[in-house]
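Hi,

Here is the structure I promised to pass on. Have a look at it first, and then read my notes below.

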Amino acid sequence: MKDRAGRRRARRFAIGTAVVVALAGMNGPWLYRFSTEKYHQYKINQPEYKAANGKWEIIEFPEKYRQNTIHAALLRTGKVLMVAGSGNNQDNSDDKQYDTRIWDPVKGTIKKVPTPSDLFCTGHTQLANGNLLIAGGTKRYEKLKGDVTKAGGLMVVHNENPDKPITLPAGTKFTGKENGKTFVSKDPVLVPRAEKVFDPATGAFVRNDPGLGRIYVEAQKSGSAYETGTEDNYRIQGLSGADARNTYGIAQKLALDKKDFQGIRDAFEFDPVAEKYIKVDPMHEARWYPTLTTLGDGKILSVSGLDDIGQLVPGKNEVYDPKTKAWTYTDKVRQFPTYPALFLMQNGKIFYSGANAGYGPDDVGRTPGIWDVETNKFTKVPGMSDADMLETANTVLLPPAQDEKYMVIGGGGVGESKLSSEKTRIADLKADAPKFVDGPSLEKGTRYPQASILPDDSVLVSGGSEDYRGRGDSNILQARLYHPDTNEFEQVADPLVGRNYHSGSILLPDGRLMFFGSDSLYADKANTKPGKFEQRIEIYTPPYLYRDSRPDLSGGPQTIARGGSGTFTSRAASTVKKVRLIRPSASTHVTDVDQRSIALDFTADGDKLTVTVPSGKNLVQSGWYMMFVTDGEGTPSKAEWVRVP
């Protein structure tokens with residue numbers, strides 16, 4: 001198999017050399033006038049070049065349909081849901097102008113969809129019924145130091161009454177016992193009752209552990225005179241009797257420091273047929289930058305995010321039941337940084353690769369490992385190289401999913417660090433003692449790389465930037481196909497558009513890839529010119545679609561149960577070498593935990609192809625899948641949509 005990649009590299013080089021020789025043989029003046037750009041366009045449009053390297057094309061929507069796309073998901077209709085919310089635009093947030101588009105890549109049509117909340121930096125995952133669950137988003141944009149006029153921060157409200165919870169309305173005033181300064185809450189807060197603690201040996205009452213509520217407070221007036229420098233206890237105005245004795249606040253420094261984004265609790269299911277959002281019960285916790293991961297029973301685990309006061313959710317994770325449309329807390333807490341890369345394993349546990357989007361302490365929840373959600377046991381997976389550079393790394397479950405091998409690609413240092421990693425690391429979770437080993441390296445240290453599974457079992461790794469949000473004009477215009485069978489990268493055509501922060505990729509049913517977004521901080525090497533959000537869509541057509549023909553596929557059942565079989569029609573049935581079920585993507589912030597490609601057993605008889613779906617519910621989660629067949633040349637069919645109930 002290694003010879004295949006070598007042959008293609010040699011062929012790629014030979015094609016480029018042939019073009020140069022042909023041009024050099026022409027007269028000198030013509031060659032002189034032939035600009036570098038024209039030559040480049042000539043070369044990349046040659047049939048031989050496209051067959052070896054693929055081709056990138058830019059799609060620019062009409063102006064009225066453009067938006068700052070932050071999230072995208074492939075719907076079971078074959079259309080792409082593109083969500084901006086306020087699109088990282090403070091003015092849109094202030095004006096409550098939220099955007100969503102639906103793009104049909106076959107017809108080329110695009111339409112606006114009413115967007116009920118600010119779904120900027122939300123979480124999403126595919127549901128068994130074909131809807132897309134969307135939860136969380138933005139309540140308030142961050143305020144940088146210098147823009148904050150009123151001192152404020154986190155107030156932790158304590159309730160020592162074991163008999164009842166207490167609710168404090170928005171506008172509640174807290175006055176420091178030592179500093180004498182008064183702060184006002186921005187929202188209501190429910191503080192649970194205290195928990196009675198008993199001696200396990202004697203059964204005797206020991207103490208009340210107070211119930212805790214968290215609320216954002218700020219000074220009544222502007223100015224540094226209202227800042228506090230140390231922790232203080234706060235009396236709550238308006239309470240009397242037992243409530244006044246049992247309820248109080250404790251706050252650390254309340255200052256004019258930077259205030260982080262704040263999340264929302266809102267949750268929706270997006271119906272791809274009606275093409276509208278359907279409101280469901282809100283989460284218990286507000287979340288900005290959460291990860292939603294599907295469990296084996298079809299329920300959805302919601303993890304991490306910044307809450308409604310801009311603090312990292314303190315390990316309080318919750319589960320959505322699509323049947324009841326309601327959320328329940330998990331029994332135990334575990335904290336991760338925002339947008340943690342969490343994948344369902346075949347044994348029902350959760351694999352955390354260590355990759356994340358960055359918000360959260362640099363010493364909490366950043367170690368890769370295997371998490372048993374029910375027992376809360378966490379088993380570390382050792383061997384990660386560049387372990388301090390996992391922010392903005394990408395993680396992909398390598399095809400086929402049965403092998404349970406994960407690749408972590410690139411990444412950078414914590415926060416706005418200039419550090420970036422050129423490493424890829426691979427963990428085989430079916431090994432007796434799973435550990436990470438280094439895979440082939442990227443050419444450059446890369447934050448925000450995209451990783452897209454293809455039907456032929458290769459993975460396209462593309463884009464990203466060397467520095468935080470593309471600083472210093474550091475976007476990487478390179479793409480490579482990773483071949484899991486040979487553990488090698490193969491260089492292919494370079495993308496035309498740089499992609500870094502707020503970008504993503506989606507595999508389309510016809511085997512092409514769609515790329516969206518990018519949010520460079522600056523637009524020049526000197527970091528003086530503000531960046532502009534990339535609204536153009538780019539399509540990559542892989543080399544396998546520039547061959548003479550592709551296998552056809554039609555006529556099968558729309559539903560196949562786990563462990564069941566279905567028969568399809570294909571004139572190329574005798575040439576089929578692979579059948580794959582690929583779960584549609586839901587992508588944002590270099591995080592796509594839905595993406596997986598499952599190998600199906602199959603038999604061919606004439607023009608009939610009978611496929612069998614594996615029986616494991618943790619391998620094949622309920623829902624809609626694209627089914628591709630691939631011939632001996634690695635050329636895939638167009639996908640047939642199949643539902644696994």
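What radius of gyration would a compact globule with 645 residues have, and what does the protein have? A compact globule of that length would come out near 26 Å, and the protein has 27 Å, which agrees. (The radius is taken over C-alpha atoms, and the globule rule is 2.2 Å times the number of residues to the power 0.38.)

Before you go further, two notes on how to read this. It is a predicted model, where local features need pLDDT of at least 70, side-chain atom pairs count only at pLDDT 80 or more, and totals for chains, interfaces and linings use all residues. Residues are numbered from 1 along each chain as its sequence is written, and side-chain values use heavy atoms, with hydrogens and water left out.

Now the overall picture. The C-alpha trace spans about 90 × 60 × 45 Å along its principal axes. The protein has 6 helices and 48 strands; these are DSSP runs numbered from the N terminus, with helices being H or I of at least four residues and strands E of at least two. Buried residues make up 56% of the 645. (Buried means under 20% relative accessible area, exposed over 50%, and partly exposed in between, with a 1.4 Å probe and protein chains only.) If you take contacts between residues at least 6 apart in sequence, 61% of them join residues at least 24 apart; contact means heavy atoms within 4.5 Å.

Next, the rings. Rings of Phe, Tyr and Trp (its six-membered ring) pair if their centres lie within 6.5 Å; planes under 30 degrees apart count as stacked, over 60 as edge-to-face and the rest as tilted. By this rule there are 24 aromatic pairs. One of them is tilted: Trp56 and Phe515, at 5.0 Å centre to centre with 50° between the planes. Trp56 sits in strand β1 (residues 55-59) and Phe515 in strand β39 (residues 513-517), so this pair ties together parts that are 459 residues apart in sequence. Both residues, Trp56 and Phe515, are buried.

Phe120 and Tyr141 are stacked, because their centres are 5.5 Å apart and their planes are at 10°. Phe120 is in the loop between β5 (109-112) and β6 (123-126), while Tyr141 is in the loop between β8 (138-140) and β9 (152-159), so the pair links parts 21 residues apart in sequence. Both Phe120 and Tyr141 are buried. They also belong to a cluster linked by ring pairs, together with Phe261, Trp288, Tyr289, Tyr339 and Tyr359.

Asp99, in strand β4 (residues 99-104), counts as buried at 18% relative accessibility. Leaving aside neighbours within four places in sequence, Asp99 is in contact with Gln67, Val83, Ala84, Gly85 and Thr115. Ile110 lies in strand β5 and is buried, with a relative accessible area of 13%.

Cheers
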